[in-house]
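Dear colleague,

I am passing on a structure that you have not worked with before, and I would be glad if you could look through it before reading my notes. What I found follows directly after it.

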Amino acid sequence: MKNLKCMFVLMMVTLVSSFTYGQETLKMFVKENKVPCVGVGPMECLQVRYDNEKDYQLFYNGIEGFNFEKGNKYEITVIRTKREGIVPADASIYTYKLKSIISKTPVTAAKTAKGIYDTKMTLTRLNGKTISTGNVYLTIDSATGTISGKSGCNRFSAKYTKLASKNQIQIGSSIGTLMACDEANMKLEQEFTKAIQDQKFKIVQKKNKVQFKNSKNKIIMEFTIPTQNDVWSFIAKNNWKLIMLENVGQDYGRASIKFDPATKKVSGNSGCNNFFGTYTLKGNDQIQFGNLGSTRMACLDEKTSKIEQKVLSLLDNKELRFDVAEQTLNFYLGDKLIMMFGTTK
């Protein structure tokens, strides 16, 4: 009997150890907006800080059970678990799971005039020189008070403050990714970063041209806001390969999408089968897919089959928001980035 009790206690200790190995509970603060970042591919990252830290950092992982809603600050607790076994080089050594939401606080954004805000603009002149690469672009986000985009090689983000005078802003220091590029793009990035950060500008819009002027009324930067014709001409000329699905960046094999603006038809591959259908545009950044059909080839790989089901369910009769970066086509359901496609050569 005594031996049985000892065995029972040993089994219980072993079970508890297996459940708690490598686990810890952490308090985490989450900012109200995501920012562009580069993991396995281009993506959007949460900005988080832990309870014992002062500064926010980019968070490249997902948090199981946490449904982030843009425009809300969070205080949460998470269970962080160390992965066992061999961890892939491009993966985190930890997984994260939501334990509880301590608080969720809406961040009220001041109303701002339409025009220069919440629209992508591409740099066309810098310090009097014509820039034609299309590698520098930004968006002034009225909801979060941030300017973000691409600075030539890397993604960047900076806080800004609206001043009393109309369309005058003060831009703070920028943070960004640290990728290395070719010499020309790195040189452009350095010049652009020096021109924009820690500077005060008066912003003047003339049709689809946006000028950033200094205190002497000199034009330091000029941007162009792409028209819908420009956007769809760019979308149509590319084949788009799926590189991120519900915040998981990886190689999704044949999964891709292609648009024909002349006929408003869409086609592609959902991972295993080819699909086809139509789409309708609503405003400048809303799209709805319909009449979707696909081939009926059996998917022998279970993982590929699940990806296919997810892709088709996200596209089918959903009203989505979209935007286009230099190399990515992004789809949002509400404020959640659900799919990201990259250009293929």
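A residue is called buried here when its relative accessible area is under 20%, and buried residues make up 39% of the 345 residues in the protein chain. Please keep in mind throughout that this is a predicted model.

On the chain as a whole, the secondary structure comes to 4 helices and 25 strands. Of the contacts between residues at least 6 apart in sequence, 50% join residues at least 24 apart. The accessible surface of the chain comes to about 19,600 Å², and 53% of that surface belongs to carbon and sulfur atoms.

As for confidence, the mean pLDDT of the chain is 84, with 87% of its residues reaching 70 or more. Among the elements, strand β16 (residues 219-224) has the highest mean pLDDT, at 96, whereas helix α1 (residues 2-20) has the lowest, at 47. Over residues 8-19 the pLDDT stays under 50, and the model has 0 contacts beyond four places in sequence for them. The pLDDT is also below 50 over residues 109-113, although that stretch has 6 contacts beyond near neighbours in sequence. Where pLDDT is low, the predicted coordinates should not be read in detail.

The count of disulfides comes to 2. One of them joins C153 to C181, with a distance of 1.9 Å from S to S, and this link is right-handed, with 80° about the S-S bond. Because C153 lies in the loop between β11 (146-151) and β12 (155-162), and C181 in the loop between β13 (168-176) and α2 (183-196), the pair ties together parts that are 28 residues apart in sequence. With a relative accessible area of 4%, C153 is buried, while C181, at 32%, is partly exposed.

The disulfide of C272 and C299 has its sulfur atoms 2.3 Å apart, and this link is left-handed, with -120° about the S-S bond. Here C272 sits in the loop between β20 (265-269) and β21 (274-282) and C299 in the loop between β22 (286-294) and α4 (302-315), so that distant parts of the chain, 27 residues apart, are linked. C272 is buried, its relative accessible area being 9%.

The side chain of T81 is joined to that of Q23 by a polar contact of 3.5 Å.

With best wishes

Definitions and conventions
Residues numbered from 1 in each chain as written. Heavy atoms only, no water. Polar contact = N/O pair within 3.5 Å; in protein donor to acceptor, adjacent residues only side chain to side chain. Helix = DSSP H or I, 4+ residues; strand = E, 2+ residues; numbered from the N terminus. Buried < 20%, exposed > 50% of the residue type's maximum accessible area, 1.4 Å probe, protein only. Contact = heavy atoms within 4.5 Å. Areas by Shrake-Rupley, 256 points an atom, 1.4 Å probe, with all protein chains shown as cover. pLDDT = per-residue confidence, 0-100. Disulfide = S-S within 2.5 Å.
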